[in-house]
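Hello,

Here is the structure I said I would pass on. My notes on what was found in it follow below.

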Amino acid sequence: MTVATAVATQPLLDAVDITAGYGGVDILRGVSIRVQPGEMVAIIGPNGAGKSTLMKALFGLLPVRTGRVLLAGEEITHESPDRLVRRGMCYVPQTDNVFPSLTIRENLEIGGFARDGGRGERMEQVFSLFPVLAERPNERAGRLSGGQRQLLAIARALMLDPQLLLLDEPSASLSPKMVDMVFEKVVEINATGTAILMVEQNARQALSLSHRGYVLAGGENRLEGDARQLLESDEVRRLYLGE
Amino acid sequence: MSTGTVSPRVETAPTRLGRLGDAAGSVVLFGAIGLFVIWSALTHPSQFVAGLVVGSVLALGALGLTLIYGVLKFAHFAHGDSMMLAAYLAFFALSGNLVGTRGTDVRLPWSFADLPGATERIWRFSFGYGLLLSIVVAAALSAVILILVDRWVYRPLRQRRAGLAIFAIVSLGVAIAMRSLVLMIWGPTPRFYVSGIRPTLQIPGGPRIPTDQLFIVAAAIVLAAVVYFLLYRTTTGRAMRAMADNPDLARVSGIDTEAVVRTTWLVSGGLIAVAGVLLALQSQLKPELGFILLLPVFAAAILGGIGSPHGALVGGLVVGVVQEVAVAVGPLSPGYKFSIAFVILILVILARPRGLFGA
């Protein structure tokens, strides 16, 4: 009984006291983030808060200087990205997140590169989640609109059926209509059981869809808690929602 | 964040003019090249055919070069000398010949030519199955050599994120090392895979050509088809193209990028070896071969658009035909053949730097 409870409450991702940065400068100065299985978590904060840097550090694209990262209880602090995707953690970068000269289908095949089998089946599932991509699988990704490109980028990361999906500003440089469409898909993906950790500029919308949220500022945790409470907190409204 | 928000796509007159100039330049340049190729096919069939033969070898070389450029993002100046080295390796496998002291050849007690019937001519070609075996051995050896050179020379530079100029100079150093090695082992005198008179063949309604040239073109076509199949129909090929497109995203997608790099050298090594042997088969084998080849191979890859496999094939054929025909019709002596490739290179870079199929 106690063991079962312990397993159930073990966080999927547990990043403790992370410092990381470029050159001699620490951008992150002791950030801690936790994601429970199946949870959707938003990270918001002003420009330069270290949100994207945190994503890169979690995904092994930037060395973690101190602190540790656990995925389902196992240490992944210094794992390389190609090992992390095999452990069920996938990442969608903010920009340049598709292969422009490859077709939609080929982009997904590359997304499933680390799979041992069942690539075809998984592609069918992903296509059924993104009918707009299934309409023209042989179109080159470079010819897609910004919104469709973003959907393809997310679809590519889903090919490995990850437990945890890291999204770096999925709504960046999209039209408001496209932003809604992308967020709608993110919620749909989360409903299938995939935990989501996303960084967003669009704080209000991100928090209104998430379970929990973190506010970063100056490379440190500023606030954290239930997303709804954060939305209503005076400090968040004043600082990040411009009210 | 981006300058686009400050000045939203206002086309200024100079950029419009520049684009117009670019388009006009491309039309004129490629129109002229196309017309020249068609005209030479009609009026100078024998030079045209000779150009296609040389061009198919250049196309294989350019294909390898363009793959390396695409995946590794550097200009591989050791490409020509790798082709030359591979051709010598095939010569060694076939004949067992090394140069001993004072220029006298030392022959190893074993070689493919010693196998029973290995030098008996296949069909009307000048060579037997011994040469075919030697090509396979040369391809395997040059792939291994290139992978090792990458591991010991280029990979440390990659890890240090060295710039383009460093890679260019270092690969030039590799080229010089390869040529010196060949000079040390096989000496400066020209070598031949086969001796004696070369059989020829009458093309119906066309010129009479050495039969071996038919083999050269056929081998080039088969190999290009194999590479196309690999690139566009296999997972490995898709991974190579993905890495050429966006190396960071390839890594994030779970592709082992160092494995893709090794595959690229493996494929290019095979292409390099076959191209080198085919070229030496149609002329002769000498240590300067690599340096002579480097320019037309680069011209072919850049004409087609560096990084583009289609471009490399078309570029190779065009450069081959233009250089063969130009020295036959004009007042130029054949010695200027390779300056033609240089002229093409300069014109393409001026008129349309991204080439025919470049992105």
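**Chain A: helices and sheet**

In chain A, helix 7 (residues 146-158) lies across strand 6 and strand 7 (164-168), and its direction is at about 165 degrees to that of strand 6. Please keep in mind that this is a predicted model.

Helix 8 (residues 176-191) of chain A also packs on the sheet, where it touches strand 3, strand 7 and strand 8 of chain A. The direction of helix 8 makes about 150 degrees with that of strand 8 of chain A.

The sheet itself is open and has 6 strands, in the order 6-7-8-3-9-10 (chain A), with mixed pairing. Strand 6 (89-92) and strand 10 (220-226) of chain A are at the edges; each has a single partner strand, so one side of each has no neighbour in the sheet. From one strand to the next, the twist averages 15 degrees.

Within this sheet, strand 3 (residues 40-44) and strand 8 (residues 195-199) of chain A pair in the parallel sense over 4 bridges. A:Met40 has A:Ile196 of strand 8 of chain A as its bridge partner.

**Chain B: a helix pair**

Helix 3 (residues 79-95) and helix 5 (residues 164-186) of chain B pack with their axes 9 Å apart, at an angle of about 25 degrees. Angles under 35 degrees count as roughly parallel, so helix 3 of chain B is roughly parallel to helix 5 of chain B. The crossing of these two helices of chain B is left-handed.

Residues in the contact include B:Tyr88 and B:Phe92 of helix 3 of chain B, and B:Met178 and B:Trp186 of helix 5 of chain B. By class, this contact has 10 nonpolar, 1 polar and 2 charged residues.

Regards

Terms used:
Residues numbered from 1 in each chain as written. Chains lettered and ligands numbered in written order. Predicted model: local features only at pLDDT ≥ 70, side-chain atom pairs only at ≥ 80, totals over all residues. Heavy atoms only, no water. Pairing = 2+ DSSP bridges. Axes fitted to C-alpha atoms, helices over the stretch in contact; angles between N-to-C directions. Contact = heavy atoms within 4.5 Å. Parallel < 35°, antiparallel > 145°, perpendicular 65-115°, else oblique. Left-handed = near helix turned anticlockwise from the far one by under 90°. Nonpolar A, V, L, I, M, F, W, Y, C, P; charged D, E, K, R; others polar.
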